[in-house]
Amino acid sequence: MDFSNFTNINARITAWGGIKQTAFNKKKYAAAEASWNLLSPQEIAMLDQQIPYGVEAFSFVATPTAILVYEAKTVRVIPIRDIMWIYGNVVKQTMNFIPTSKFHTLYLLARDGGTYSLGQITTGGFSKKAPLDEAVAQLQNLLFPYRKGIVYGYSDEIANYFQGNFAGAVQMVDAKSMEP
């Protein structure tokens with residue numbers, strides 16, 4: 001993956017720590033490399049122009065064209081047209097029934113049925129911070145004008161709907177996204 005012609009993408013990847021294939025990330029590296037084929041050269045050029053104005057949180061940058069996700073020394077790109085559902089999950093860690101930390105993970109469900117982590121933030125066990133709510137709200141504000149049908153937030157009803165009728169859920173998101 002060579003991004004030397006795209007200054008903003010290259011700068012963002014360098015700030016994250018660069019891309020490198022290792023023995024531990026071969027599958028993620030191959031998947032990340034393949035994900036760039038989902039965008040046309042024009043879309044990649046547009047994405048490069050949008051990076052400085054995108055929403056940056058956790059380990060991703062979201063723009064009106066796509067979301068770049070940095071994980072395991074790779075950068076995966078997910079086009080906005082392929083996003084179906086964005087939600088968060090908080091896992092509490094305890095020791096002797098005393099909260100020691102919370103792991104806030106942001107997830108994205110894509111058109112291909114894959115669930116991708118957009119990153120994780122750890123806070124203290126008694127922390128009242130809500131980084132997921134903030135990140136989801138920022139994403140919704142950025143993406144809503146470009147794809148209105150994306151579902152935000154988690155509930156058992158939403159999870160059951162996507163699990164029980166994925167093709168219908170994709171059609172529903174696409175139909176809502178086409179509405180004026």
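Helices α5 (residues 156-164) and α6 (residues 166-178) of this predicted model pack at an angle of about 110°, with their axes 5 Å apart, and are therefore roughly perpendicular to each other (65 to 115 degrees). Axes here are lines fitted to C-alpha atoms over the stretch in contact, with angles running from 0 to 180 degrees between N-to-C directions; helices are DSSP runs of H or I with at least four residues, numbered from the N terminus. Contact (heavy atoms within 4.5 Å) is made by Y161, F162 and G164 of α5 and by F166, G168, A169, M172 and V173 of α6. These residues comprise 6 nonpolar, 2 polar and no charged, where Ala, Val, Leu, Ile, Met, Phe, Trp, Tyr, Cys and Pro count as nonpolar, Asp, Glu, Lys and Arg as charged, and the others, Gly among them, as polar.

A friendly place to look next is Y161, in helix α5. Y161 touches F166, G168, A169 and M172, leaving aside residues up to four places away in sequence. With 34% relative accessibility, Y161 counts as partly exposed (between 20% and 50% relative accessible area, 1.4 Å probe, protein chains only).

Helix α6 also takes part in the largest pocket: α6 and α3 (41-50) are the elements giving two or more residues to its lining. The lining consists of E43, M46, P64, T65, P79, I80, R81, Y146, R147, S177 and M178, and divides into 6 nonpolar, 2 polar and 3 charged residues. A pocket is an open set of points on a 1 Å grid over the protein atoms alone, with protein on both sides within 12 Å along at least five of seven lines, and lining residues have an atom within 4 Å of a point.

Residues are numbered from 1 along each chain as its sequence is written, and side-chain values use heavy atoms, with hydrogens and water left out. Because the model is predicted, local features need pLDDT of at least 70 and side-chain atom pairs count only at pLDDT 80 or more, whereas totals for chains, interfaces and linings use all residues.

Conventions. Parallel < 35°, antiparallel > 145°, perpendicular 65-115°, else oblique. 1 Å grid on protein atoms, 1.4 Å probe; cavity = no way out; pocket = protein on both sides within 12 Å on 5 of 7 lines; lining within 4 Å.
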